Structure formats: structure tokens, C-alpha cells
Amino acid sequence: MTEIINKVWNERYKIIRFLFSGAVGAGTNLLILFVLTHYLGLYYVVSVIISFIIATTVSFIMQKYWTFQDNSKEVIHNQALIFTIVSGINLIINTAIVYSFVEFAHFHYLIGQIFASIIVAFESFFIYKIFIFKK
């Protein structure tokens, strides 16, 4: 019984770490997006792409070493490759969602990014857990 409780608690704790890491990644994304667009005057779609790439790097490091507590060095290249492919797909999904919210629903680009981040986060957790950082 104790083993089952520990397993359930570990999964809940992993989800909490994932959400916290995601919040750090999302904060990084939003901050860089805002600075690039508002202060540097870049077109918001370009800013979305740049900020997403930087936030993805931060996210990989946090997800690998903290969320999924995977300290292995042997498979880091494969993990990084798969993570990059998934992130590339997520970048397309993320950018399309932000563009749709801004251009069609007339939301502010930061609001669009928040919605996009939530949508992308749900699918990412399962992909990371099942395919990238599996034990």
C-alpha cells in the first residue's frame, strides 16, 4: 500500500514540477516576447518565434534535470533532438494559435500567447513523459 501511495505522490509531485517549470518557461517566453515587440519594435510574429526558441531551451533544461529528474548524459543528444523536433512542432502550433487570436479574435498578442502556452503545455507533458524523459 505504501508503494502505491508513494507512486501516486511522485506522479503528483512530477506534475507540480512540470507546471512550475512550465510557468518559468512561460514567464521567460512572455517577458522576451514583450521586450522584443514593445521595446525593440519587432513584428509580433517574429518576437513569438524568438521568444519561443529561448523559452524552449530554458524548458528543456528544467524538464530534464528537475521535473523528470533525468541526470543521464548518455542519451542527452537523443533527448535534445526529440525535444527540438517536438518544440518545432509546438512552435508551429503556438504561432498559429497566437496569430489566430490576434488577427481573427482581436486579442492582444500577450493574451494570445497565454492561451497558446496553456494548450501547448497539455500536450507537451505527455509527450515529454512518454517519449523523451521515460525511465
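Mentor: Start with the largest pocket, which holds about 530 Å³ of space. This is a predicted model, so local features need pLDDT of at least 70 and side-chain atom pairs pLDDT 80 or more, while totals for chains, interfaces and linings use all residues. Residues are numbered from 1 along each chain as its sequence is written, and side-chain values use heavy atoms, without hydrogens and water.

Trainee: What makes a set of points a pocket, and what makes a residue part of its lining?

Mentor: On a 1 Å grid over the protein atoms alone, a pocket is an open set with protein on both sides within 12 Å along at least five of seven lines; a cavity is a set where a 1.4 Å probe fits but cannot get out. A lining residue has an atom within 4 Å of a point. Here 27 residues line the largest pocket, with Phe18, Gly22, Ser117, Val120 and Ala121 nearest its centre. Two or more lining residues come from each of α1 (2-39), α2 (44-67), α3 (76-103) and α4 (109-132). The largest share, 10 residues, is from α4.

Trainee: What does the volume stand for?

Mentor: The space filled by probe spheres set on the grid points, which are joined across faces, edges and corners.

Trainee: What makes a run of residues a helix?

Mentor: A DSSP run of H or I with at least four residues; a strand is a run of E with at least two, and numbering starts at the N terminus. The protein has 4 helices and 0 strands. Along the sequence the pattern is α-α-α-α.

Trainee: Which helices supply at least two residues each to the lining of the second largest pocket?

Mentor: α2 and α3 do. That pocket holds about 170 Å³. Its lining includes Thr56, Phe83 and Ser87. α3 gives the largest share, 6 residues.

Trainee: Why does Thr56 count as buried?

Mentor: Buried means under 20% relative accessible area, exposed over 50%, and partly exposed in between (1.4 Å probe, protein chains only). Thr56 has 15% relative accessibility, so Thr56 is buried. Thr56 lies in α2. Leaving out residues up to four places away in sequence, Thr56 touches Phe83 and Ser87; contact means heavy atoms within 4.5 Å. The C-alpha atoms of Thr56 and Phe83 are 8.8 Å apart. Of the 135 residues of the protein, 37% are buried.

Trainee: How close do the axes of α2 and α3 come, and at what angle do they cross?

Mentor: They come within 9 Å and cross at roughly 145°. Axes are lines fitted to C-alpha atoms, for helices over the stretch in contact, and angles run from 0 to 180 degrees between N-to-C directions.

Trainee: Is Gln69 buried, partly exposed or exposed?

Mentor: Gln69 has 43% relative accessibility, so Gln69 is partly exposed. Gln69 sits in the loop between α2 and α3. Its phi is positive, about 45°, although Gln69 is not a glycine.

Trainee: And why is His106 called exposed?

Mentor: His106 reaches 65% relative accessibility, so His106 counts as exposed. His106 is in the loop between α3 and α4. Its phi is also positive, near 60°, in a residue other than glycine.
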